Structure formats: C-alpha cells, structure tokens
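Subject: Structure for you to look at

Hi,

Here is the structure I promised to pass on. Please open it first, then read my notes below.

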Amino acid sequence: MRFASRENTRLGHPEVGVGLHPGGGGTERLPHLVGRGRALEIVLSANDFDGETAERYGYVNRALPDAELDSFVDALARRIASFDRRALAAAKNLVNHVSLPSADRLLDAFTSFGTALTWPEAQHRIQAVLERGLQRDADFEKTWPEVLGNLVESEAKGSRR
C-alpha cells in the first residue's frame with residue numbers, strides 16, 4: 001500500500017532522463033498500478049508527479065493532507081494488526097500471486113539495468129546530473145526532473161562556450 005502527502009509528495013521515474021530505464025521493478029509493477037498509458041507517461045517523461053496526480057493515476061492508494069497522513073496510516077496499520085494473522089497472510093499471498101511480477105521478470109529487469117549503466121550515453125548523462133548537484137544539493141534534488149528535458153542541449157551549449 002502506498003499513501004502520500006497532498007502537499008509534499010514527488011514521485012517519479014527519472015531513469016530515462018539520465019539515459020537508463022527503471023530496473024528495480026518499476027516497469028514490471030507500474031503498468032499494473034496505473035495502466036499502460038500512464039506508466040509510459042511516468043517512465044518516458046522522467047517527470048515528478050504530485051500527490052494528487054499520483055492518487056488520480058493510481059500510483060498511490062490515497063493522497064491525504066500532510067497533517068492527516070501519519071494518523072491515517074497509523075490507524076490503518078493498527079486496524080490491520082488487530083486481525084487474525086493467518087487470514088492476513090493468506091489474503092496477501094492471494095493478492096500477491098495475481099498482482100506481482102515473477103522473480104524471473106524482476107531479475108531480467110535488474111540485469112538489463114546493469115547493462116544500461118555501461119552505455120556511454122547513460123554514463124555521460126549521469127555525470128552531468130551529478131555535476132549539477134544530484135545527491136548533494138537539496139535544491140537541485142527538488143527540481144532536477146526539469147533539467148532532464150534539456151540536459152544534452154545544455155551540455156552542448158556549455159561545451160561551445
């Protein structure tokens with residue numbers, strides 16, 4: 001289950017923007033959550049999505065006001081924890097059986113992601129976002145999907161100066 005803050009959520013798959021593809025299960029799970037068209041929008045655009053859009057798309061179960069999020073999740077967890085563990089486990093196993101990708105499919109995606117990391121274009125784009133502040137500049141982290149759309153273009157301009 002996934003719950004989000006209406007005010008503070010940013011969800012996305014930026015991998016294509018840095019020359020890769022999702023490799024940790026995103027492409028295997030996301031279409032089942034949001035549908036093929038929206039999964040393609042999320043993955044191929046490399047954009048962030050706010051909590052309300054994520055809820056509307058099915059990316060999260062529910063988006064709540066930030067002030068209510070923790071108490072809602074806590075109450076839901078306590079309610080679920082009050083039920084019989086055997087019934088909970090059986091229900092989860094049945095849902096998982098029809099809704100989760102196989103281990104082989106996940107391994108294929110992980111292996112493909114490892115290969116993508118060796119692509120020269122990916123290495124160049126990853127280096128470019130790291131130089132701009134990825135993983136060290138909080139302000140950049142909040143807005144970096146905006147940079148991805150013109151990363152190569154801005155790199156070319158910088159090299160001509």
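Start with H21. H21 counts as buried, at 19% relative accessibility. Buried means under 20% relative accessible area, exposed means over 50%, and partly exposed is in between (1.4 Å probe, protein chains only). This is a predicted model: local features need pLDDT of at least 70, side-chain atom pairs count only at pLDDT 80 or more, and totals for chains, interfaces and linings use all residues. Residues are numbered from 1 along each chain as its sequence is written, and side-chain values use heavy atoms, with hydrogens and water left out.

H21 sits in the loop between strand 2 (11-12) and helix 1 (26-34). Helices (H or I, at least four residues) and strands (E, at least two) are DSSP runs, numbered from the N terminus. The H21 side chain makes a polar contact with the side chain of S112, at 2.8 Å. A polar contact is a pair of N or O atoms within 3.5 Å; within protein, one must be able to donate a hydrogen and the other to accept it, and residues adjacent in sequence count only if both atoms are side-chain atoms. Neighbours within four places in sequence aside, H21 is in contact (heavy atoms within 4.5 Å) with E15, V16, A109, S112, F113, A116 and W119.

Now the overall layout. The chain has nine helices and four strands. Along the sequence they run β-β-α-α-β-α-β-α-α-α-α-α-α. The C-alpha trace spans about 65 × 40 × 30 Å along its principal axes. Of the 161 residues, 29% count as buried.

Next, the cores. A nonpolar core is a set of buried Ala, Val, Leu, Ile, Met, Phe, Trp, Tyr and Cys residues joined through side-chain atoms within 4.5 Å. The largest has 13 residues; V18, V129, F140, W144, L148 and L151 have the most contacts inside it. Helix 7 (120-132) and helix 8 (138-148) are the elements that give two or more residues to this core. Helix 8 gives the most, with four residues. V129 touches V18, L134, F140, W144, L148 and L151, leaving out residues up to four places away in sequence. A second, separate core has 11 residues, among them A4, V34, V43 and V60.

How many aromatic pairs are there? The count comes to two. Rings of Phe, Tyr and Trp (its six-membered ring) pair if their centres lie within 6.5 Å; planes under 30 degrees apart count as stacked, over 60 as edge-to-face and the rest as tilted. F3 and F72 are edge-to-face, because their ring centres are 5.4 Å apart and their planes stand at 65°. This pair links distant parts of the chain: F3 is in strand 1 (residues 3-5) and F72 in helix 4 (residues 66-81), 69 residues apart. F3 is partly exposed at 23%, and F72 is partly exposed at 24%. F49 and Y57 form a tilted pair, 5.8 Å centre to centre with 45° between the planes. F49 is buried at 7%, and Y57 is buried at 12%.

Last, helix 5 (residues 85-99). Is it buried or in the open? Zero of its 15 residues are buried, so helix 5 lies largely in the open. At its start, a side-chain oxygen of D84 reaches to within 3.1 Å of the backbone nitrogen of R86.

Best wishes
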